[in-house]
Amino acid sequence: MQNLYRAAHACLMQADIEQKLVGAQQLYTAWQQGDLLRDNESNFPVQPILIPGRPAKPELVHPKHVKQRKLSTPEGRRALLHAVAHIEFNAINLALDAVYRFRELPDAYYGDWLQVAAEEAYHFSLLRARMQDFSCAYGDLPAHNGLWEQACKTDHDVLVRMALVPRVLEARGLDVTPGMMQRLREVDDAETVEILTIILRDEIGHVRIGSHWFHYCCAQRGLEPDATFRQLLREALPVPLRGPFYTEARLQAGFSAEELEQLVDMEKNWV
């Protein structure tokens, strides 16, 4: 029987896109079938991963060098699709890293994050197919490395990872996706809207998984979750908290109404 942690690491470090997509799906299936064993082998310790498995392109640049274009143009929609595909590719690696790295959690944690990896792979496949309609392939445009940089900064503590990646970076995706969908409807791009609808639905579930395990970790350590989350935001965010927040989606994703009110207050009074 294959070791879960070794299998997740192998898929995480896989640079070939096709093999990573297939591997993520196969891992989740194998977990569901009981074909993976949790064996925290002494000769397979957790290591920092500065560069996960990814193709040579896209070129990684500073975020300010990633051009923003209007969605009313084909170039703008191509850039949007490429940017979202890059997020989804990184999200596959983030989910696999959550499995490989944090080894002292209940079985349900690993099932949740393997499901996330498989769904992120599906999202990437949808976006890649849509990019072909714009004569574009993943890697044709530059991208930034913000998601993985945050993974490295949170690789020491599962509580910090659950707080700052799913509940901050991925939750921000919930906030901005409806606006993107509206602009795409205005230019009659129903195909891309349909893909973003699927992604938004699934990402609510991914943030909800992050919320669940963040609260689990807080309970294990006797911490009050709302205050702990706000403290981590203050300590870790290099820029002010950004709204507006998509309240309905965030409530579905495990934020409480009181917590959202606190986040709005933080955004208004960030210094």
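How much space lies in the second largest cavity? About 40 Å³. Keep in mind that this is a predicted model.

**Stop 1**

Select Pro52, Arg54, Leu60, His86, Phe89, Asn90, Asn145 and Trp148, which line the second largest cavity. Colour them by class: the lining has 4 nonpolar, 3 polar and 1 charged residues. Helix 3 supplies the largest share of this lining, with 3 residues.

**Stop 2: the largest cavity**

A search of the whole structure finds 3 cavities of 30 Å³ or more. Rolling a probe the size of a water molecule over the atoms shows where empty space is left. The largest cavity has a volume of about 50 Å³.

Now select Leu94, Ala95, Ala98, Trp113, Arg161, Met162, Val165, Pro166 and Glu170, the lining of the largest cavity. Which helix gives the most to this lining? Helix 6 does, with 5 residues. Helix 3, residues 74-101, and helix 6 each supply at least two. By class, 7 of the lining residues are nonpolar, none are polar and 2 are charged.

**Stop 3: valine 168 on helix 6**

Stay on helix 6, which spans residues 158-186, and pick valine 168. Is valine 168 buried or exposed? Its relative accessibility is 14%, under the 20% limit, so valine 168 counts as buried.

Show its contacts next. Leaving aside residues up to four places away in sequence, valine 168 touches Ala163, Phe229, Leu233 and Leu237.

The charged end of arginine 167 sits over the ring of phenylalanine 229, 4.6 Å from the ring centre. For another case, go to arginine 250, whose charged end sits over the ring of phenylalanine 255, 5.0 Å from the centre.

**Stop 4: the aromatic pairs**

How many aromatic pairs does a search of the whole structure find? It finds 11. Select tryptophan 31 and tyrosine 110: their ring centres are 6.4 Å apart and their planes meet at 55°, so this pair is tilted. The pair links distant parts of the chain, 79 residues apart, with tryptophan 31 in helix 2 (residues 17-32) and tyrosine 110 in helix 4 (residues 107-132). Tryptophan 31 and tyrosine 110 are both buried.

Move to tyrosine 109 and tryptophan 213. Their rings form an edge-to-face pair, 5.5 Å centre to centre, with 80° between the planes. This pair also links distant parts of the chain: tyrosine 109 is in helix 4 and tryptophan 213 in helix 7 (residues 190-221), 104 residues apart. Tyrosine 109 and tryptophan 213 are both buried.

Ring pairs link Tyr5, Trp31, Tyr109, Tyr110, Trp213 and Tyr216 into a cluster.

**Stop 5: tyrosine 110 close up**

Centre the view on tyrosine 110 in helix 4. Its relative accessible area is 0%, so tyrosine 110 is buried. Which residues does tyrosine 110 touch, not counting residues up to four places away in sequence? They are Leu4, Tyr5, Trp31, Arg38, Val99, Phe102, Arg103, Glu104 and Leu105. Take Val99 from that list: tyrosine 110 and valine 99 are 5.7 Å apart, C-alpha to C-alpha, and 11 residues apart in sequence.

**Stop 6: backbone exceptions**

Most residues other than glycine have a negative phi, and most peptide bonds are trans. The last selections depart from that pattern.

Begin with the prolines. Lysine 57 and proline 58 are joined by a cis peptide bond, with omega about 20°. Proline 58 is in the loop between strand 2 (36-37) and helix 3. Another cis peptide bond joins glycine 243 and proline 244, with omega about -5°. Look for proline 244 in the loop between helix 8 (225-236) and helix 9 (247-252).

Next, select serine 135, in the loop between helix 4 and helix 5 (146-153). Its phi is positive, near 55°. Serine 135 has 65% relative accessibility, so it counts as exposed.

Finish at aspartate 188, in the loop between helix 6 and helix 7. Phi of aspartate 188 is also positive, near 60°. Aspartate 188 counts as exposed because its relative accessibility is 68%.

Terms used. Residues are numbered from 1 along each chain as its sequence is written. This is a predicted model: local features need pLDDT of at least 70, side-chain atom pairs count only at pLDDT 80 or more; totals for chains, interfaces and linings use all residues. Side-chain values use heavy atoms; hydrogens and water are left out. Helices (H or I, at least four residues) and strands (E, at least two) are DSSP runs, numbered from the N terminus. Buried means under 20% relative accessible area, exposed over 50%, partly exposed in between (1.4 Å probe, protein chains only). Contact means heavy atoms within 4.5 Å. On a 1 Å grid over the protein atoms alone, a cavity is a set of points where a 1.4 Å probe fits but cannot get out, and a pocket is an open set with protein on both sides within 12 Å along at least five of seven lines; lining residues have an atom within 4 Å of a point. Grid points are joined across faces, edges and corners, and a volume is the space filled by probe spheres set on the points. Ala, Val, Leu, Ile, Met, Phe, Trp, Tyr, Cys and Pro count as nonpolar, Asp, Glu, Lys and Arg as charged, and the others, Gly among them, as polar. Rings of Phe, Tyr and Trp (its six-membered ring) pair if their centres lie within 6.5 Å; planes under 30 degrees apart count as stacked, over 60 as edge-to-face and the rest as tilted. A charge sits over a ring if NZ of Lys or CZ of Arg is within 6 Å of the ring centre and within 35 degrees of the ring normal.
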